[in-house]
Amino acid sequence: MSPQARTSRSSLSAGELSAWRSYISTTRALTAALDLDLGEFGISLADYELLDGLAKAPSGRMRMSELAGIALVSRSRLSHRMKVLEDAGWVERARCSEDKRGLFAVLTTKGKKIVAKIAPHYSRSIKERMIESLSTHELATLEKIFAKVRLGISDDQLSLCDESK
């Protein structure tokens, strides 16, 4: 990169800053729009993604620690969200028979029904708000870009699941 494009490694060029701002504003807007779309079902995007993750897990159950890692939330944040989902009757917690300290998040029958009810609406919202505005080539490029960026962030850099940090 030329010296004119960047004054130091710690500063961003105008193009880099513009790309970052475009990404962050679009991500926030898209997340807010999907939250709004799911609001008619009385659920947030983050909570729906937890339910959907459980729906895709074998037997609709997953260790709480694994679910926290997949959702990229702290265990305490997950515990709070699980309480909300439990109160709605969509999930329950179950002790692990092999590890008495371990807990599973388990999708209930009611939870399976709400995921099945929301899934088509969720897919339609994603298509309308993002997919339809991009070509097949742009989608493939976008996937490659974000996969590359995610590879640059190791799991140990994400202290979300480590309560000791």
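## Lining of the largest pocket

In this predicted model, the lining of the largest pocket consists of 26 nonpolar, six polar and seven charged residues. Nonpolar covers Ala, Val, Leu, Ile, Met, Phe, Trp, Tyr, Cys and Pro, charged covers Asp, Glu, Lys and Arg, and the others, Gly among them, are polar. Of the 39 lining residues, Tyr-23, Thr-27, Leu-30, Thr-31 and Phe-146 lie nearest the pocket's centre. A pocket is an open set of points on a 1 Å grid over the protein atoms alone, where a 1.4 Å probe fits, with protein on both sides within 12 Å along at least five of seven lines; lining residues have an atom within 4 Å of a point.

Eleven residues, the largest share of the lining, come from α1. At least two residues each are supplied by α1 (14-39), α2, α3, α4, α5 (109-129) and α6 (136-151). Helices are DSSP runs of H or I with at least four residues, strands runs of E with at least two, numbered from the N terminus.

## Helix α4

Helix α4 spans residues 75-87. Leu-78, Arg-81, Met-82 and Leu-85 of α4 are buried, meaning under 20% relative accessible area (1.4 Å probe, protein chains only). They sit on the same side of α4 because their arc around the axis is only 105 degrees, taken from the directions from the helix axis to the C-beta atoms.

The cover over these buried residues includes α2 (45-56), α3 (64-71), β2 (91-95) and β3 (103-107), with contact meaning heavy atoms within 4.5 Å. Just after α4, Gly-89 has a positive phi of about 85 degrees.

## Basis

Residues are numbered from 1 along each chain as its sequence is written, and side-chain values use heavy atoms, leaving out hydrogens and water. Local features need pLDDT of at least 70 and side-chain atom pairs count only at pLDDT 80 or more, while totals for chains, interfaces and linings use all residues.

Terms used
The expected span of a helix is 1.5 Å times one less than its number of residues. Buried means under 20% relative accessible area, exposed over 50%, partly exposed in between (1.4 Å probe, protein chains only).
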